[in-house]
Amino acid sequence: MTEHRSDRWHEDYRQQLAELRAGVEDDPQRNPIAALAFRISRDLESGQRSLTDLDELVKRLSDDAFRERANRLARYLDLPQAGDEKRLRAFVQKQAQGGSLPFEEFSAQWQRARVGVVFTAHPTFAISETLSGLLAKLAESFDDPERQRWLQGELTALPHRNQQTIDIAYEHRLAQATIVEWRTANADYTRILLEESASLYPDNWRELRTQISTCASWVGYDLDGRTDIHWWHSLRHRIAEKHTQLIHYRDAIQRLARTNDRDPGAAPLVAAIDLLDAAITVAEGDLRAFDGEVEHAAALAPAANRLTDGNQRRLTNRKALLERFDAAISTAEADGFCREIMVLRDEVANVGFGTAHIHLRINAAQLHNAIRKVLDVNDLEVPSRLLTARLNDLIRVAEPETVNFGSLLLERATAKRQFILLSQILKHVDSDTPIRFLIAECEQPLTVLTALYFAKLFAIEDRVDISPLFETADALERGTRLVDQLLETEAYRDYVHARGRLSIQTGFSDAGRYIGQVAATLAIERLHMKLARLLEARGLTDVEVVIFNTHGESVGRGGHPASLQDRLSYVLSPTARRLYQDAGIPLVHETSFQGGDGYLLFARPRLARATLFGLLQAAYEDPDDHPEDPFYADTDQSLDFFLRLKAWHEALLQDTDYRILLASFGTHLLFNTGSRRSRRQHEIIPPEGQDALHLRAIPHNAILQQLGYVAHAVGGIGSATQMERERFIDTCQRSPRLLSFMDLIAHIKRHGSLSAVTAYASLLDPGYWSARVHAGGEADHNENFRHLVRLLDDDHRSTAMRRAIHRLREDEFDLHTLFDAIGLDPRPAADERMDTDLLHAIRIAVIMHIFLLAMRIPHFSTRDDISHDDILKLILRLDMPPALELLRVAFPVASPDEGDISLTEPASYRADPYSGYQELNETFIDGMERAYDLARRIGLAISHHFGAHG
């Protein structure tokens, strides 16, 4: 029955929307989304529709969007081909040139990984663990209609939101589960590689030592912008990960030894089991010792003394374990048994005593604070060659210091504390596995040298890869020069040569927020290319370059929507890869998979195999297979395009009207999606537009997504090409790089509309509410409409939003002209955006319902400097939690309980404990809360249409 009703309503509203769209040609001021929102609002306020009715319809729309999201994920990963075993075997055969490639060259191809995955805790945990699992299963079974029907039955009972507490423990647990799926896929591919190698090189294949890919995580170790992760939390995570991995190794070896007990190769494995059993027991004790808050000396001492007791059974070095594997490989008689030993041996060699490598991240300012006293200076924000030279000398003569857990407890400087923590992990948990040290907002060489100084001071510079993060416009522009200045210092040159690698990180999310997504991609690409030329010029072609491109699954965070291959080529272009290949520079491309949305690509075995295969394809593809791209031949044109686009977005971000548009409802349309929250000011009414400046990238992107127009990705292209449009069009039609940008923008345009943003602006327009009075037919609500008019009369958000929309519309006109000339159609098919627009219309009507309920709240006297109008203004910003809390204080359902008070004076009167406010709470306050919850759940359905949050 419910499904039948929602189907009927769905069809009715879609028909109305289609008719409203068709009428735009005769009435250019008509906004179909706003018009439909008005009709739904009128039905809702008249009682023809209830909030429950809309809830049912939204569930239906959310389920539809969810199913299509799963299908898109399957297409995106190129299932079933990408995960096909035959395809991978053919891939290995191709790399071996059918066996004609000498074994030494073939072996060298696989001895070091060319790709890496990094699982982060970006706040994209918008849907529950159960719903994420179901999405992955639907994608995995896209070619199994019967199983899909069964899975869709499960979907009907699941809400589209994450009702779990999203803290760092939750994120860490999900990251660890995802790492297991990577580990399985990596082992599967290692096994296939060895099987093919045995066929191709029957006399040598046992000599292979492989590294298909690397895996890392910063979940539980990333301190940039947060203070809730303490050093003992990170240490506990690391010990727990070691404990988990030791058990995995032990169990895998036991299965091998038990099923091949008569093979001579089993004996060394039995010895390895003994080693691991002992190490697991020790790790269990270590984990119990740090199971609690140890920030005080009395609690820390027994835990620290245990971890540092020098117990040889702790197994901090993998040498003994690898020796037993090597003995088993050399003595194993059965080839299949030998291959399984080699798969596990390579995992131990590459992953070590943890589930994955770890990345620690802090901010450049924290390093500056830590080095001030050493350099005896206060101002380190201005680059100084003199200070750089001084620090270089200090690194060269630095004598290593010994540290203990007391050092961790007493150290106040975050940067030094993190290096001491690394020292303790490398001494007492895993002494072999290197650790990445990421520096956010790194804009000068002194920052990197500071990290190197502390690494050397605590004697860990040989196992720590220091990586600057370039994400601001200035950092991306100066990044190559920064590396060049570092290489001018003896200390850094020696460090890079000793490590044999140079690591950098680039950030697509923040860069996209600052200078626009396409301009950010071009800036990052320029950095990639200039770095290759720099290293070649300096003769550093024997040093491996690790490029960690931090980007996400949404278009706004650098995720090209067409396919995984397009995504990988988008963030690291074939032209950039060719420069490294031609210079003979070994290149490792690491890709981030951000939070819950990113984990989906590894959430099931089939998805994990397809994702890993896509990464391998991109890494081993010969860049010369791509023709020369004319976009790079005309450097004047490409630079002018980049600079104009960058300037347009920088001006947009500084536009007060645009900031007000972002802050109009801010993050209040969103559920909490991660443990690292977006901060906002706590005034009753924040200064207009200020919140937008302090938003993190993902909530910034999510706001634009929810308003219906991802301006930082789609905007600026029309304006940037206006001056030399014909020249740009000619190049674009011949340039795969430019066409990939235009495909991305066309995709966004098909999913968004400025009509949606305009419809949201009408909510805050007093003229709209006045027009509803004038239109008649809603006499029961006229006083509420007029109250809204009075409240909004001094609220200038709608006017500012419309000015910002006009600015975006002007650029959009030029963009459509460009699309027409190129032959791309950014307009959606008749049905393609229908449900997205319908969701916007429903949510606008629901927000209207919230506003109208609020107008019916009785006046009350000002208390604690909070007035009735203050609360209404909170509601008009959809800042609902504090507004509802204040209303419940003003209108309590029950009086305070008199408890056990003992009075001698008699009284015949008994006060009514319910005081008459129960109905007010249930009808208005609870009603607003239900409507607000629905408005935010609509946001998740909209995210499904975009394929990711933010």
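Let's start with a crossing: helix H14 passes helix H18 left-handed (left-handed if the near helix is turned anticlockwise from the far one by less than a right angle, right-handed if clockwise). The contact brings together two sets of residues (contact means heavy atoms within 4.5 Å). From H14 come Ala 364, Leu 367, His 368, Ala 370, Ile 371, Val 374 and Leu 375. From H18 come Leu 446, Thr 447, Thr 450, Ala 451, Tyr 453 and Phe 454. Sorted by class, that is ten nonpolar, three polar and no charged residues (Ala, Val, Leu, Ile, Met, Phe, Trp, Tyr, Cys and Pro count as nonpolar, Asp, Glu, Lys and Arg as charged, the others, Gly among them, as polar).

A word on the source: this is a predicted model, in which local features need pLDDT of at least 70 and side-chain atom pairs count only at pLDDT 80 or more, while totals for chains, interfaces and linings use all residues. Residues are numbered from 1 along each chain as its sequence is written, and side-chain values use heavy atoms, with hydrogens and water left out.

Back to our pair. H14 covers residues 364–375 and H18 covers 445–457 (helices are DSSP runs of H or I, at least four residues, and strands are runs of E, at least two, numbered from the N terminus). How close do their axes come, and at what angle do they cross? They come within 9 Å and cross at roughly 70° (axes are lines fitted to C-alpha atoms, for helices over the stretch in contact, and angles run from 0 to 180 degrees between N-to-C directions). H14 and H18 are therefore roughly perpendicular (that covers 65 to 115 degrees; under 35 is roughly parallel, over 145 roughly antiparallel, the rest oblique).

Next pair: H28, residues 635–654, and H29, residues 656–663. Their axes come within 5 Å and cross at roughly 65°. So H28 and H29 are also roughly perpendicular. Leu 652, Leu 653 and Gln 654 of H28 meet Thr 656, Tyr 658 and Arg 659 of H29. The classes here are three nonpolar, two polar and one charged.

The crossing of H37 and H38 is left-handed. On the H37 side, look for Pro 766, Trp 769, Ser 770, Arg 772 and Val 773. On the H38 side, look for Asn 782, Phe 785, Arg 786, Leu 788, Val 789 and Leu 792. That contact has seven nonpolar, two polar and two charged residues.

After H41 comes Leu 878, with a positive phi near 60°.

Now, backbone angles. Most residues other than glycine have a negative phi. Leu 315 has a positive one, near 60°. Leu 315 sits in the loop between H11 (297–307) and H12 (319–331). Is Leu 315 buried or exposed? Leu 315 is buried, at 7% relative accessible area. Ala 459 also has a positive phi near 60°. Ala 459 lies in the loop between H18 and strand S5 (464–470). Its relative accessibility is 34%, so Ala 459 counts as partly exposed.

Arg 345 lies in H13, residues 335–351. Arg 345 is at 12% relative accessibility, so it counts as buried. Its side chain makes a polar contact of 3.0 Å with the side chain of Asp 326 (a pair of N or O atoms within 3.5 Å; within protein, one must be able to donate a hydrogen and the other to accept it, and residues adjacent in sequence count only if both atoms are side-chain atoms). Beyond four places in sequence, Arg 345 contacts Arg 209, Leu 322, Phe 325, Asp 326 and Ile 329.

Gln 485 belongs to H19, residues 473–487. Gln 485 and Pro 445 are 40 residues apart in sequence, yet 6.6 Å apart C-alpha to C-alpha.

Last, Glu 181, in H8, residues 168–200. Glu 181 and Arg 606 are 425 residues apart along the chain, and their C-alpha atoms are separated by 9.5 Å. Leaving aside neighbours within four places in sequence, Glu 181 contacts Phe 602, Ala 603, Arg 604, Pro 605 and Ala 608.

Definitions and conventions. Buried < 20%, exposed > 50% of the residue type's maximum accessible area, 1.4 Å probe, protein only.
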